[in-house]
Amino acid sequence: MKRKEEKGSSNKKNEEETKKRKIIVISDDEEEEDILTLNKVTNNTINKSKTTNSTINTTTISTCSFNGEHIYYNKLENELDSNHFLTLTQILEPSKAKSIFLSSFCLDFEFLQTIIPFKTKCIPITISKHWSKTEEKQGRTILQIGKSPFCICHPPLLNQYSNMHAKLFLIEFEGYLRVVVTSANLTNFDWENFKQTIWIQDFPLKGNNNNNTKFGKLFENSLFEFWGHLTCNLPHKFLMRYDFSNANAVLIASVPGYHKDIKKYGHGAIKEALKQLEFDKLTNLKSFPVYYQMSSLGTMNTDWIKELLTSFYTKTINNGDLFHIIFPTLQCVNNSHFGLRAGGMIHFRSKSYQTKTFPKQCMSLYEPTQSNHLSHSKIALHVGLDKEENSIYGWICTGSHNLSQAALGKLQKNDTQIFISNYELSICMKVKSNIKIEKDVIDNSVLESACGLIIPFTIPPTRYDFKSDEPFILENVQDN
């Protein structure tokens, strides 16, 4: 899918409006005082302006409604209402929001306008997005669209293959902050044609007796640092007002570069998170399979899969028996609800698949469980069954990390350095059952009934039959 550039500067019908915008480019070496001055000007503008009522239908959700214990999805056509579904309007609640931060690989301003009435409502909006080195510049751009001030951030890219792929939303409301980590880009195509995962938690303002827990401090530090990376070092002072002590997930970030701290980013960060969650001590979990579902599959070999599984604290690969790469076949895409036209968001190169070292034995079928819809989600799931306790235990990691070295990183120099190409963000959280399990096999119905966890693909999956099953490869379809 071709990335859409900023509509205001590229669409002819908006040329007249574009001329009215005052654009100030702030280079990377600007001092914080300049940004603080900008914030003061913005706040003064907001205080003096009269907010226009939005004409968009908004489902109002009460204060601090989300506790971070669940994974939600967007609702697509032909699906019945469910408490597992959220709309983008429900997430952002623009009628109540005081400020909004959004990060996305692809961005469609026309779509965003249908959710946030920034032309009629004065609300500060900061956006971090992917950008083209040949057409755009690194740094921050301040502009006015309608009544809303915008700060557009282009974070540093490592090389031509580096991407800003993280999907993080921060929404300030009166008295609390909403943190959202999702797999969805800010385009209508993403929200209307594919299933997307959504993790969301509300955090209140700090009180006098703030309980600074280990996980809360870990979440806070990760959020502050990643904010700086995405916004070209905008101050994070406003985030320090909130209490993250009850965070129910660990943030997993990836930042482009060669990193000596191999525990900080990518699959090294997953390993550290699992250690913090004490999964490194659960030896019985190692005998259960790991499922990894994604919309984009990168170049890899068996050695890298072994490296990955080491970070997952599971047994190393042995004919692929405990690791499942969940990826759709051509038949699956063709027979899905939206058919082949939805295949443009599924990426895998024929050259990578045909490489002799690619771990084909790990390939398993993506069989949709939600009204025959394809999913743009990226999910790593490792769950086991405690037969003595009749319970499920394990973890899930979901967000923007596809199964690739660019996203998850590759260890170098005798495992003393990790190389990463992309900005990515996911969350890692525990999965546990709330009721006794009567089945001997963990499947979708058990995960939903016992753990409240919906998974968009069939568990346990079926391995590829290489006599008839081929992964969906867009270039092969286009060539035909």
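Modeller: Happy to, and bear in mind that this is a predicted model. Let's start with a pair of residues: Gln412 sits opposite Gln417 in β18.

Colleague: How do you know that β17 and β18 pair?

Modeller: Two strands count as paired if there are at least two bridges between them. β17 and β18 (residues 417–420) have three bridges, in the antiparallel sense, so they meet that cut-off.

Colleague: Which sheet do they belong to, and in what order do its strands run?

Modeller: It's an open sheet of three strands, ordered β11-β18-β17, with antiparallel pairing. From one strand to the next, the twist averages 30°.

Colleague: What makes β11 and β17 edge strands?

Modeller: Each of them, β11 (257–259) and β17 (410–412), pairs on one side only. As for what holds a sheet together, strands pair through backbone hydrogen bonds.

Colleague: Now Ser183. Where is it, and why is it called buried?

Modeller: Ser183 is in the loop between β8 (176–182) and α6 (188–193). Buried means under 20% relative accessible area; Ser183 has 0% relative accessibility, so it counts as buried.

Colleague: Which residues touch Ser183, leaving aside its neighbours within four places in sequence?

Modeller: With those set aside, its contacts include Lys167, Asp190, Gln196, His376, Ser377 and Gly399. Thr197 is also on that list.

Colleague: What makes the pair Ser183 and Thr197 a polar contact?

Modeller: The cut-off for the N or O atoms is 3.5 Å. A polar atom of the Ser183 side chain lies 3.1 Å from the backbone nitrogen of Thr197, so the pair falls within it.

Colleague: Which residues have the most contacts inside the largest nonpolar core?

Modeller: That core has 109 residues, and the ones with the most contacts inside it are Leu168, Val179, Leu297, Phe323, Leu381 and Leu403. Its largest share, six residues, comes from helix α7 (residues 214–230). There's also a second, separate core of 33 residues, with Leu88, Ile91, Phe169 and Leu186 among them.

Colleague: What is Val179 in contact with, beyond its close sequence neighbours?

Modeller: Leaving aside those within four places in sequence, Val179 contacts residues including Leu168, Phe169, Trp199, Phe219 and Phe244.

Colleague: And which residues of helix α8 are buried?

Modeller: In α8 (residues 266–276), the buried ones are Gly266, His267, Gly268, Ala269, Ile270, Ala273 and Leu274. Just after α8, Glu278 takes a positive phi of about 70°.

Methods: Residues are numbered from 1 along each chain as its sequence is written. This is a predicted model: local features need pLDDT of at least 70, side-chain atom pairs count only at pLDDT 80 or more; totals for chains, interfaces and linings use all residues. Side-chain values use heavy atoms; hydrogens and water are left out. Buried means under 20% relative accessible area, exposed over 50%, partly exposed in between (1.4 Å probe, protein chains only). Helices (H or I, at least four residues) and strands (E, at least two) are DSSP runs, numbered from the N terminus. Contact means heavy atoms within 4.5 Å. A polar contact is a pair of N or O atoms within 3.5 Å; within protein, one must be able to donate a hydrogen and the other to accept it, and residues adjacent in sequence count only if both atoms are side-chain atoms. A nonpolar core is a set of buried Ala, Val, Leu, Ile, Met, Phe, Trp, Tyr and Cys residues joined through side-chain atoms within 4.5 Å. Axes are lines fitted to C-alpha atoms, for helices over the stretch in contact, and angles run from 0 to 180 degrees between N-to-C directions.
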